[in-house]
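Welcome, and please open your viewer. We will walk through this protein one selection at a time.

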Amino acid sequence: MVMLLGQYSTGKTTFIKHLLKTSYPGAHIGPEPTTDRFVVVMSGPDERTIPGNTLAVQADMPFSGLTTFGTSFLSKFECSQMPHPLLEHITFVDTPGVLSGEKQRTQRSYEFTGVTSWFAAKCDLILLLFDPHKLDISDEFKRVIGSLRGHDDKIRVVLNKADQIDTQQLMRVYGALMWSLGKVLNTPEVSRVYIGSFNDKPVKESAVGPIGKELFEKEQDDLLSDLKDIPKKACDRRINEFVKRARAAKIHAYIIGHLKNQMPTMMGKAKAQQKLIDNLEGEFAKVQREHHLPAGDFPYVEHFREALGGYSIDRFEKVKPKMIQAVDDMLGYDIPELLKNFRNPYE
């Protein structure tokens, strides 16, 4: 599964159309914010669109988890099916363009960043699309990129519509894009940026010259080979995600057990809970020291604090060492054994 994210009119729908070499059912393309819903483009026996509420209850579709976002989201979600050789291997998720400023929060009736985060966990590749004329990363786009935390290895950046400017401007635009990204993606490494013009028209050689045309063709080949690798790596990635979730569950159990142990048995439970929530970073550090756990496996403190507010810590379960041991055994023995018997169906 490949998800496309970007501000409106950066060419997300056109990019999918360019790869499929045909339009998909329900696709709208225009200079204004056209795609107003999350559209999953996947393989099917005939051309049709399935509404979100129907999709969420279909047992053979992997979207039942989206019911937690409610009907307001499901009415803005649909699946577009069509018979196509590429879609037999790759599914695309087309997203609504990220708007700028306060508009976003008042107009959308669902939690946009929550939905992108849900899809990010399920996707194999996330493409962030930029347009040379829209390099500013709005507050909302910053929050969306923030919701991809933990999936940095899946992110690829695409500077689309690059043939609309000449070579000198392209050099400046590329520099400005890297500057903007550097402030949002807090990593010391440089993100891989693919430059090109992903649409059905030939590259404007008058603007970019013969060197630019050759550069775009090489970049497009690189991105396409990255996409072709997805089905090959999908099996490994699933196991990788599973291991990641198992480790997260183990850490979660340790944290919950620790918080439960800090609660008084009789009086002052509400006060004690509030104190624990306020000092969550300190509690995380205690758990880390006690069980010799890596700091990188711990959840994001702010998110955890937000979620904790809705629960009564007193009702949490105590840690069962047997269960933790079972998870450790699985990670130490069962999964390596499983990988030995594992063959890649695409090789």
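Begin with the whole chain in view. Of the contacts in the protein with a separation of 6 or more, 79% are between residues 24 or more positions apart. What you are looking at is a predicted model. The protein has 347 residues, and buried residues make up 45% of them. Along its principal axes, the C-alpha trace spans about 75 × 45 × 40 Å. Switch to a cartoon view, and you can look for 12 helices and eight strands.

**Stop one: the sheet**

Colour the strands next. They form an open sheet of eight strands with mixed pairing, in the order β3-β4-β2-β5-β1-β6-β7-β8. Which strands are the edge strands? They are β3 (48–51) and β8 (193–195), each of which pairs on one side only. Now turn the view to look across the strands: neighbouring ones are turned by 25° against each other on average, direction ignored.

As a reminder, strands of a sheet pair through backbone hydrogen bonds, in either a parallel or an antiparallel manner.

**Stop two: strand β2 and its partners**

Select residues 38–43, which are strand β2. Five of the six residues in β2 are buried, leaving this strand mostly covered. With β5 (residues 92–94), β2 pairs in the antiparallel sense over three bridges. Pick V40 and look across to β5, where V93 stands opposite. With β4, β2 pairs in the parallel sense over six bridges. To see one of the pairs here, pick V39: its bridge partner in β4 is E78.

Now bring in helix α6, residues 139–146. The axes of α5 and α6 come within 9 Å and cross at roughly 35°, and the crossing is right-handed. Show side chains to see who meets whom: F112, T113 and T116 in α5 meet E140, R143 and V144 in α6.

**Stop four: H151**

Leaving aside residues up to four places away in sequence, H151 touches A120, A121, I126, E241 and K244.

**Last stop: helix α12**

Finally, select residues 321–340, the 20 residues of helix α12. From its first C-alpha to its last, α12 reaches 28 Å, close to the 28 Å expected at 1.5 Å a residue. Where does α12 bend? Zoom in on M330, where the helix bends by about 40°. M330 is also one of the buried residues of α12, along with I324 and I335.

Conventions:
Residues numbered from 1 in each chain as written. Predicted model: local features only at pLDDT ≥ 70, side-chain atom pairs only at ≥ 80, totals over all residues. Heavy atoms only, no water. Helix = DSSP H or I, 4+ residues; strand = E, 2+ residues; numbered from the N terminus. Expected span 1.5 Å × (residues − 1). Bend = angle between axes of the 7 residues up to and from the residue. Buried < 20%, exposed > 50% of the residue type's maximum accessible area, 1.4 Å probe, protein only. Contact = heavy atoms within 4.5 Å. Pairing = 2+ DSSP bridges. Axes fitted to C-alpha atoms, helices over the stretch in contact; angles between N-to-C directions. Left-handed = near helix turned anticlockwise from the far one by under 90°.
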